[in-house]
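I opened the model to look up its fold, its core and its last helix. My entries follow in the order in which I worked.

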Amino acid sequence: MDQRELLLERLKSRLSKARLAHSLGVEACAVEMADRFGADREKASTAGLIHDCAKELTHRQAEELGNRLGIFGDEWMKAEPKLWHAPLGAYIAGRDYGVTDPEVLGAIACHTTGKPGMSALEKIIYLADFVEPRRDFYGVEELRACARRDLDEALIMALEATIRYLLNHGRTIHPHTILARNETIAKKMVK
Ligand SMILES: [Fe+2]
Ligand SMILES: [Fe+2]
């Protein structure tokens with residue numbers, strides 16, 4: 001059994017069928033984007049496959065683990081439970097799935113918020129999570145098309161869609177999401 005099969009076996013026993021299908025979709029998109037934009041396809045596969053490995057923890061489990069790991073150092077993380085499974089996922093990927101590659105763990109850790117200074121792999125995982133084939137939301141086709149031609153342009157679209165959604169729902173916006181969006185736009189302007 002190769003490493004991917006081992007990861008997949010473990011995921012199967014821990015994730016719902018729908019979440020597993022989503023994870024496989026993210027993996028396939030991430031590998032495709034890695035080939036297109038010159039990132040490591042093995043790392044894209046691993047990160048895509050297990051990016052949501054902490055998403056089915058109960059709220060209580062996630063809160064306990066988060067407190068133990070100190071992920072609530074910023075108040076915005078604490079305020080948005082939906083964000084927690086990214087840093088927790090990076091920890092669980094190491095603890096339960098034997099993943100040690102810092103680039104893979106980094107991509108899992110920032111897949112809900114983005115962050116300033118994202119690597120190509122981090123951008124790819126963030127985007128693949130948005131555009132995998134099961135995703136269906138207003139504007140997804142446009143975002144898919146953009147993700148086929150321009151990584152940074154697609155990242156800006158995805159970050160802005162997130163910011164708009166959070167604004168429309170009166171939710172907090174993690175500063176990393178805003179910083180990632182501003183930084184990517186600023187870089188494009190000075191090119
Ligand atoms: Fe996620
Ligand atoms: Fe996901």
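I count a residue as buried if 20 or more other C-beta atoms lie within 10 Å of its own, as exposed if 12 or fewer do, and as partly exposed in between, with C-beta atoms placed from the backbone. I note that this is a predicted model, in which local features need pLDDT of at least 70 and side-chain atom pairs count only at pLDDT 80 or more, while totals for chains, interfaces and linings use all residues. Residues are numbered from 1 along each chain as its sequence is written, and chains are lettered from A and ligands numbered from 1 in the order in which they are written.

Entry: helix α11. I took helices (H or I, at least four residues) and strands (E, at least two) as DSSP runs, numbered from the N terminus. Helix α11 covers residues 175-190 and spans 23 Å from first to last C-alpha, close to the 22 Å expected for its 16 residues at 1.5 Å a residue; the expected span is 1.5 Å times one less than the number of residues. I found His176, Thr177, Ala180, Arg181 and Thr184 buried in α11. They line one face of the helix, because seen down its axis they fall within an arc of 140°, the arc being that of the directions from the axis to the C-beta atoms. These buried residues pack against α10. On the face turned away from them I found Ala186, Met189 and Val190 exposed.

Entry: Ile178. I located Ile178 in α11. With 15 other C-beta atoms within 10 Å, Ile178 is partly exposed. Leaving aside neighbours within four places in sequence, its contacts (C-beta atoms, placed from the backbone, within 7 Å) are Ile163 and Ile173.

Entry: the core. I used the term nonpolar core for buried Ala, Val, Leu, Ile, Met, Phe, Trp, Tyr and Cys residues joined through C-beta atoms within 7 Å. The largest has 46 residues, and Ala30 and Ile124 are among those with the most contacts inside it. Elements giving two or more residues to this core include α2 (17-37) and α10 (151-168). I see that α8 gives the most, with eight residues. Beyond four places in sequence, Ala30 touches residues including Ala47, Ile124 and Ala128.

Entry: the whole chain. I counted 11 helices and zero strands. Buried residues make up 39% of the 191 residues. The C-alpha atoms fill a box of roughly 45 × 35 × 30 Å along the principal axes.

How values were computed: Contact = placed C-beta atoms within 7 Å.
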